[in-house]
Amino acid sequence: MSETPANTPASNEKTAAVVAPTAGPVSQWLQQQGFDHEVLAADHVGVEQIGVEPAVLPIIAAALKSNGFDYLQCQGGYDEGPGEQLVCFYHLLAMAEQVEAMAADPSAKLREVRIKVFLDREGTP
């Protein structure tokens, strides 16, 4: 007579821990300067992403410009789906410092960040 192995939840079920995204260098700098924002997970290629409220977008953008982010590579928006939010994004690069850094070290890494603004479908911030 064969015995069926005991079905133990700890050994057979996969558990998933929810891990908060780690603040990247831009997010850390914004926190040090006192700017409120949301740390988002990096994108598929590792670009740091931050979420900001619509009302503070111009202030955050000005702060980032003063921190060397002087080039808007891409701006766009998308709809998350029926009943979901609308999202505007801004991909910023630190180009002037990159040109200087590459003169000294051709393998210098470009600083980039993506700002996301989430908007309610009803149009209220």
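## Strand pairing in the sheet

In this predicted model, strand β1 is joined by three bridges to strand β2, which spans residues 48-52, and the two run antiparallel. Within that pairing, Leu40 stands opposite Gln49 in β2. On pairing in general, the strands of a sheet are held to one another through backbone hydrogen bonds, in either a parallel or an antiparallel manner.

The whole sheet is open and consists of five strands in the order β1-β2-β5-β4-β3, with mixed pairing. Because β1 (38-40) and β3 stand at the edges and each has a single partner strand, one side of each is left without a neighbour in the sheet. From one strand to the next, the twist averages 25°.

Strands β2 and β5 run parallel and are joined by five bridges, and here Val52 has Val117 in β5 as its bridge partner. Strands β4 and β5, by contrast, run antiparallel and are joined by eight bridges; Phe89 stands opposite Lys116 in β5.

## Helices lying across the sheet

Helix α2, made up of residues 25-33, lies across β1, β2 and β5 (112-119), and its direction is at about 40° to that of β2. Helix α3, made up of residues 57-66, lies across β2, β4 and β5, and runs at about 175° to β5.

## The aromatic pair

How many aromatic pairs does a search of the whole structure find? The search finds one, formed by Tyr78 and Phe89, whose rings are 6.3 Å apart centre to centre and tilted, with 40° between the planes. Since Tyr78 lies in strand β3 (residues 71-79) and Phe89 in strand β4 (residues 86-93), the pair ties together parts that are eleven residues apart in sequence.

Are the two partners buried or exposed? Tyr78, at 34% relative accessibility, counts as partly exposed, whereas Phe89, at 18%, counts as buried because the cut-off for that class is under 20%.

## Two loop residues

Phe35 is found in the loop between α2 and β1 and is partly exposed, with a relative accessible area of 24%. When neighbours within four places in sequence are left aside, Phe35 is in contact with Leu30, Ile59, Ile60 and Ala63. The C-alpha atoms of Phe35 and Val56 are separated by 8.9 Å, although these residues are 21 residues apart along the chain.

Asn67 lies in the loop between α3 and β3; with a relative accessible area of 19%, Asn67 is buried. Not counting residues up to four places away in sequence, Asn67 touches Trp29, Glu97 and Arg111.

## The largest pocket

The largest pocket holds about 230 Å³ of space. It is lined by 13 residues, of which Pro25, Glu48, Lys109, Arg111 and Glu112 are the closest to its centre. Helix α2 supplies three residues, the largest share of the lining of this pocket. Arg111, one of the residues closest to the pocket centre, is also among the residues that Asn67 touches.

Key. Residues are numbered from 1 along each chain as its sequence is written. This is a predicted model: local features need pLDDT of at least 70, side-chain atom pairs count only at pLDDT 80 or more; totals for chains, interfaces and linings use all residues. Side-chain values use heavy atoms; hydrogens and water are left out. Rings of Phe, Tyr and Trp (its six-membered ring) pair if their centres lie within 6.5 Å; planes under 30 degrees apart count as stacked, over 60 as edge-to-face and the rest as tilted. Helices (H or I, at least four residues) and strands (E, at least two) are DSSP runs, numbered from the N terminus. Buried means under 20% relative accessible area, exposed over 50%, partly exposed in between (1.4 Å probe, protein chains only). Two strands pair if DSSP finds at least two bridges between them. Axes are lines fitted to C-alpha atoms, for helices over the stretch in contact, and angles run from 0 to 180 degrees between N-to-C directions. Contact means heavy atoms within 4.5 Å. On a 1 Å grid over the protein atoms alone, a cavity is a set of points where a 1.4 Å probe fits but cannot get out, and a pocket is an open set with protein on both sides within 12 Å along at least five of seven lines; lining residues have an atom within 4 Å of a point. Grid points are joined across faces, edges and corners, and a volume is the space filled by probe spheres set on the points.
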